[in-house]
Amino acid sequence: MIALEQLGKYKENNRIEAKEALGGLPVSIWETYSAFANTLGGIILLGVEEKKDKSLHAVDLPDPIYLIEEFWRIINDPKKVSVNILTESDVQTDCADGKTIVVIRVPRAETKDKPVYIGSDPISGTYRRNGDGDYHCTAEEVGAMIREAKRRPKKLSACDSTDIIIEFLTDHVRCTKDDIAVLPGMTPDKADAELKKLVSEGIVIAEEESGSRSYRLKER
């Protein structure tokens, strides 16, 4: 999802969140976990700071393994988090800028698991992702997720296409329609339709430069 050897070229967006975590596991990590799970999924980087120019850079984490142990302890406590949708492979140490960081990959939650919330009250503990920030869901948004979870979920190929495009943009920062058209399961017409849909939903921004159109994930 992200090339850690080129960490500095990335910025926080609706699929990437960086936290220094120098003082231990940040409390705000659970808002981001909820937000990613309830939106499009994403990646949380512990031991990464955001510079003034918004670029990301690794810091020296005192004890990455302790952070992982503490993370698992809390996420598996139903009094703290409504559901754990992660597997062991989703939480790992990795190397960036010559330093060890913690990488947490949060998938989009299945409809039956939504809303994913923190604490014991879904109304006060449910978040979603907007741009590069987490926002607290309204009671109406939470209610809509609960109602949808009670229905039989439908498998939509458009959802798969959305994931493919967002993951590509997370890796490559920007793309053209031709870049998307050659991805698995895509055609030029399908790529055009899916990109237009993501632009209309405010997830992707279209930019014109030298007569050519490119696309990137929207930042707050």
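Contact here means heavy atoms within 4.5 Å. With that settled, I started on Asn 38.

**Ground rules.** I am working on a predicted model, where local features need pLDDT of at least 70, side-chain atom pairs count only at pLDDT 80 or more, and totals for chains, interfaces and linings use all residues. Numbering starts from 1 along each chain as its sequence is written, and side-chain values use heavy atoms, with hydrogens and water left out.

**Entry 1, Asn 38.** I looked up what Asn 38 touches, leaving aside residues up to four places away in sequence: the list is Lys 114, Pro 115, Val 116, Thr 126, Tyr 127, Arg 128 and Met 145. Asn 38 sits in helix α1; helices (H or I, at least four residues) and strands (E, at least two) are DSSP runs, numbered from the N terminus. Buried or exposed, I wondered about Asn 38? Asn 38 is buried, at 1% relative accessibility; buried means under 20% relative accessible area, exposed over 50%, and partly exposed in between, with a 1.4 Å probe and protein chains only. I also found the Asn 38 side chain reaching the backbone oxygen of Val 116 at 2.8 Å. That is a polar contact, meaning a pair of N or O atoms within 3.5 Å; within protein, one must be able to donate a hydrogen and the other to accept it, and residues adjacent in sequence count only if both atoms are side-chain atoms.

**Entry 2, the open sheet.** I traced four strands in an open sheet, ordered β1-β2-β6-β5, with mixed pairing; two strands pair if DSSP finds at least two bridges between them. At the edges I have β1 (16-19) and β5 (91-96), each pairing on one side only. From one strand to the next, the twist averages 30 degrees. β5 and β6 (residues 99-106) run antiparallel, joined by six bridges. On β6, I noted Lys 99 as the bridge partner of Ala 96.

Helix α1 (residues 29-38) lies across β1, β2 (42-46) and β6, and runs at about 160 degrees to β2. Helix α2 (residues 64-75) packs on the sheet too, touching β2, β5 and β6, and its direction makes about 155 degrees with that of β5. For these angles, axes are lines fitted to C-alpha atoms, for helices over the stretch in contact, and values run from 0 to 180 degrees between N-to-C directions.

**Entry 4, the hairpin.** I then checked β7 (residues 127-130) and β8 (residues 133-136), which pair in the antiparallel sense over four bridges. They form a hairpin with two residues between them, and Gly 131 in the turn has a positive phi of about 65 degrees. Arg 129 stands opposite Asp 134 in β8.

How many salt bridges does the whole structure hold? My search found 12, taking a salt bridge as a side-chain nitrogen of Lys or Arg within 4 Å of a carboxyl oxygen of Asp or Glu. Asp 134 and Arg 129 form one of them, with the closest N and O atoms 2.6 Å apart. Arg 129 is buried at 6%, while Asp 134 is partly exposed at 23%. I followed that pair into a network of salt bridges linking Glu 17, Lys 19, Arg 129 and Asp 134.

I looked up two further pairs. Arg 213 and Glu 208 meet at 2.7 Å, N to O; Arg 213 is partly exposed at 42%, and Glu 208 is exposed at 53%. Arg 216 and Glu 207 form a salt bridge at 2.7 Å, N to O, with Glu 207 partly exposed at 26%.
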